[in-house]
Amino acid sequence: MSDTSQRRGLYVKTWGCQMNVYDSVRMVDMLRPLGWRPVDSADAADMIVLNTCHIREKATEKLYSELGRLRADKEASGRKLLVAVTGCVAQAEGDEILRRAPVVDLVVGPQSYHRLPELIARTTREAGVKLVDTDFPADSKFDLLPQETEGQGTLAMLAVQEGCDKFCSFCVVPYTRGAESSRPAADVIAEAKRLLATGAREIVLLGQNVNAYHGTGPDGRTWNLARLLREVADLGVERLRYMTSHPRDMDDELIQAHRDIAALMPFLHLPVQSGSDQILNVMNRQHSAADYLRIIDKLRAARADLALSSDFIVGHPGETSADFDATMRLVEQVGFAAAYSFKYSTRPGTPAAALGMHIEESVKDERLARLQDAIARGASAFNQTTVGKVVPVLFDGAGRRPGQMHGRTPWLQAVHVTGPARLIGQIADVRIDAAHANSVSGTVVTADAVEAA
Ligand code: SAH
Ligand code: SF4
Ligand code: F3S
């Protein structure tokens, strides 16, 4: 039994991608046996971990405004507080963070957070000492992290691959996360089994470039993502997804997996960034717009009800209005169920930062607005196609309004229904009654759920 008087409050704030969310889960899990108990607010914390994202300038600025607030808070209350900055800004800026923000005690990169316990112990012991650890250790952190002690509940994430060797012109990820590496398949399967034993009904296999997965299998051979998905599906998980993929690594075996694996949900996030070959080339994406469309055709031939989402960047250096029109055409051609779009943001140290021909902010604004309008039209058209259908929904929490429950369809649409809290963690059939901009609403038609309501 741990002595509760020695428990200290830990508050973790996470920005960025699913991988960062996963890392935060692992950090909390690792620190829990050492007496750190997660708390819901910074005010109740003895240690604050800011798990940061460096992808766009705005993401990085969020760290510094948060640190400004924390400093004022700490000075006003006079309390003891340990502040750790982790994630991609930690990796990119290292001890510059300590210089800019003296409130910070620890700076720890995404490949070294397994060392947090010893770093915390040292800075506590040697009061006032500040530590920076942004090494890319020779051994994968996954081998060095203790096994998880707690599950993640109904929806679980599982990192299978990390880092990226693609070096898209605009992107910091290859620098902040390091070279591409895959976890051994046996480790992934063991972790999936533990997640299932603690109640997971949906597992998302994660990686910055997840479909480049090439881990060593228990048979000593290299397994690709298609093979890994089959094995995880065979463990009996009801819903399986993977993200994020690169079009270059969308091979035929993976495409066929969408036909063959029933648990693999009919929704794929496949970032394309632009519809212009000229810009795709400058971006170093290693595929053309036609390549992308061909992949989509094959995917739809394998699984007719597959819905797609994507990421777009507008205003990459050199993007002409004709290039942008090509992006708009691609959006119309594919008919995405959802998509994220961003204004190009210059990141220090990336190849695009050194290019000339930067696009004016007002032009980027205008293009982004047009693109987002087209994406929104596509999303509501897609949501409309599901109205009247009865679909299985995995409920994951309460909705905003009283008596409202929130869940997801196989196509990752957010669903709201009026129903009992015991729906949470269940998969129930829902008739979709109405489509909204970013969600659908419906009525539970599973017999026992209706009786209980
Ligand atoms: N393959 C990665 C992509 C991470 S970044 C993954 O696993 O998700 C997510 C998205 O951010 C990219 O697809 C891209 O559309 C966008 N992005 C990356 N760098 C950017 C930049 N410098 N400016 C604007 N958007 C950017
Ligand atoms: Fe960044 Fe490109 Fe790698 Fe994705 S594939 S993480 S956009 S460099
Ligand atoms: Fe951001 Fe790092 Fe993820 S830069 S998007 S947290 S890999």
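I began with the second largest pocket and listed its lining: Arg8, Trp36, Asp46, Lys74, Lys80, Leu81, Leu82, Asp105, Thr123, Thr124, Ala127 and Gly128. The model I am reading is a predicted one.

I looked up the volume of this second largest pocket and found about 370 Å³. I then sorted the lining residues by kind, which gave 5 charged, 4 nonpolar and 3 polar.

Next I turned to the domain records. UniProt, in an unreviewed entry, puts "domain: MTTase N-terminal" at residues 8–125. Over residues 8–125 I noted 47% helix and 21% strand. The C-alpha atoms at the ends of that stretch are 16 Å apart.

The other record I checked, also an unreviewed UniProt entry, is "domain: TRAM" at residues 384–446. Here I noted 52% strand and 3% helix. The end C-alpha atoms of residues 384–446 lie 22 Å apart.

Last I looked at histidine 54. Where does it lie? I found histidine 54 in the loop between β3 (47–52) and α2 (57–77).

Is histidine 54 buried or exposed? Its relative accessible area is 6%, so histidine 54 counts as buried, the cut-off being under 20%.

I then asked what histidine 54 touches, leaving aside neighbours within four places in sequence. The contacts are Thr60, Cys88, Val89, Ala92, Glu93, Val172, Thr176 and Arg347. With threonine 60 there is a polar contact, side chain to side chain, at 2.9 Å.

Methods. Residues are numbered from 1 along each chain as its sequence is written. Chains are lettered from A and ligands numbered from 1 in the order in which they are written. This is a predicted model: local features need pLDDT of at least 70, side-chain atom pairs count only at pLDDT 80 or more; totals for chains, interfaces and linings use all residues. Side-chain values use heavy atoms; hydrogens and water are left out. Helices (H or I, at least four residues) and strands (E, at least two) are DSSP runs, numbered from the N terminus. Buried means under 20% relative accessible area, exposed over 50%, partly exposed in between (1.4 Å probe, protein chains only). A polar contact is a pair of N or O atoms within 3.5 Å; within protein, one must be able to donate a hydrogen and the other to accept it, and residues adjacent in sequence count only if both atoms are side-chain atoms. Contact means heavy atoms within 4.5 Å. UniProt positions are given in the numbering used here, feature names are shortened, and annotations may be inferred rather than shown by experiment. On a 1 Å grid over the protein atoms alone, a cavity is a set of points where a 1.4 Å probe fits but cannot get out, and a pocket is an open set with protein on both sides within 12 Å along at least five of seven lines; lining residues have an atom within 4 Å of a point. Grid points are joined across faces, edges and corners, and a volume is the space filled by probe spheres set on the points. Ala, Val, Leu, Ile, Met, Phe, Trp, Tyr, Cys and Pro count as nonpolar, Asp, Glu, Lys and Arg as charged, and the others, Gly among them, as polar.
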